[in-house]
Amino acid sequence: MAIVINEISRTFSEYLLLPGLTRKIHHPENVSLKTPIAKFHSGESSRLNLNIPFVSASMQSVSGSEMAIALARRGGCTFTFCSQPIDSQSQMIARVKNHKAGFVQSDSNLHPDNTLAEALSLRKKTGHSTMPITFDGSKNGQFLGILTDKDFWEFEDDLNGPVSKYMTPKEHVVFGALGISLHDANKLLQANKKECLPILDNNGHLHSLVFKKDYFDHMNNPDELLDNHKRLVTGAGINTHDYKTRVPALLEAGADVLCFDSSDGYTEFQKEGTQWIRSNFGKDVVVGGGNVVSGTAFRYLVQEADLDFVKVGIGGGSICITREQKGIGRGQASALMDVVNERNNYFKETGIYVPVCSDGGLSNDTQIIIALAMGADFVMMGRYFAMTYESPTPKVSIGGRIYKPYWGEGSNRARNWQRYNQSSETESGLKFEEGVDAYVPIIGSLREVLGVTTAKLKSTMCNTGALTLKEFTDSAILTRISEQSFVEGGTSNVLSLDKDLPREV
């Protein structure tokens, strides 16, 4: 007969933290949210760390290049979705790596005979208003001048005229020589009151661009996550079907971390996939996997599959219906505590620390905090990021409010057939869905949303007497709460300005 675990499967909403002693040093500005994403040996450091414990899910409706750029600027990491052609995913990675290198490769280049109409079309396609003019129209061609939206009037000038008539020619452009330091390039921008500085080689060919806005972006984002070349760090989702062709392309494009995307990762497929990556690209490539809901599954993936981190969670996502459809899963809190306990045992036995990611089951900031207190090194979220301006889906107006489409990777819309491998007969589509189509309200920019969440997290850590996430986990005392305790924690016997009182129109 089946083995029955009598313990109730718990969720994050069933727990609260007890406060610890808050000392004078426990102030939010002294709190560090740095956390490892790659395994490491005792006494050593992880070869890759996040500056904040947040990553975005590998989903079509969540993790595009704009999200990857915005989240890396704040210190987290995005996993671009793998339910797309290899070339398009590689291009996403390349856009992120080229976006913030200090010296940026131009992707908006024109030939002097191109028309203003073609320039406007290019600006619409790339979103960039600064367009270098080169002899052959290539990104590294002979530099002839530069065109910005300040050089012409879109509704007044002749759009059929050549850009050479409107551009600022090279002799009037301030530029830097190849080999100049980023510090000196920014000094040139400042001294000449310019927005963009072209960098030219000895033959006058365009090498790269330095932007004033990138300097201010860096100053305004001190936690931005950068690689050894000062480029933004980004991750990529992979699957167990085409990894032999997808992984080389993603690494070539510059992906810093890979993660198998699967509703159930306790499989030999992930073992074989990771072993192939290790044998072909070595131990330095950061590879994560999952998802799992038990310590046994965690042990298998770290011992047999040699993963750097393991994701926990099946069926807890807001648009995931795996539990409903297949009867597989576990309450997210119970799953996380089981895996964390096994992770700690594994560390005691081997001296190897394997980071754990809590994926799904997080409906508010409080539950994010509880997950980190329970031992998750970082959390992966979909809906949370889908509700920001930076998610890749279009805005939709419903009943006078602005929403964004949000769908699961297990839905028919995602068409991610290989990931679920339900049948070799795909002519009629998925036999059943493990995700749904939905809409989520837009709640703000990623910067604003993360700012609130990190402020709450740091404040809670101070309340418990912790300055680092490790101290937070080690010192956390959690208490189970009853349904009435949950009700008591909300507002009562008052009129809520947000919900109860009528508003003036």
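Let me begin with a term: a residue is called exposed when its relative accessible area is over 50%, and buried when that area is under 20%. Please keep in mind that the structure before us is a predicted model.

Lys193 has a phi near 55°, a positive value in a residue other than glycine. You will find Lys193 in the loop between helix H4, residues 182-192, and strand S11, residues 196-200. Is Lys193 buried or exposed? Its relative accessibility is 76%, and therefore Lys193 counts as exposed.

Asp306 is not a glycine either, yet its phi is positive, at about 60°. Asp306 sits in the loop between helix H8, residues 295-303, and strand S16, residues 309-312. With a relative accessibility of 14%, Asp306 counts as buried, because the limit for that term is under 20%.

Next, consider helix H7, which runs over residues 268-281 and has 14 residues. From its first C-alpha to its last, H7 reaches 20 Å, close to the 20 Å expected at 1.5 Å a residue. Which residues of H7 are buried? They are Gln270, Gly273, Thr274, Trp276, Ile277 and Arg278. An α-helix has 3.6 residues a turn, so residues three or four places apart point the same way. The buried residues of H7 pack against several elements, including helix H6, residues 243-253, strand S14, residues 257-260, and strand S15. Just after H7 comes Gly282, with a positive phi of about 85°.

Finally, I draw your attention to strand S15, residues 286-292, which contains Asn291. The peptide bond leading from Gly290 to Asn291 is cis, with omega near 10°.

How values were computed: Residues are numbered from 1 along each chain as its sequence is written. This is a predicted model: local features need pLDDT of at least 70, side-chain atom pairs count only at pLDDT 80 or more; totals for chains, interfaces and linings use all residues. Side-chain values use heavy atoms; hydrogens and water are left out. Helices (H or I, at least four residues) and strands (E, at least two) are DSSP runs, numbered from the N terminus. Buried means under 20% relative accessible area, exposed over 50%, partly exposed in between (1.4 Å probe, protein chains only). The expected span of a helix is 1.5 Å times one less than its number of residues. Contact means heavy atoms within 4.5 Å.
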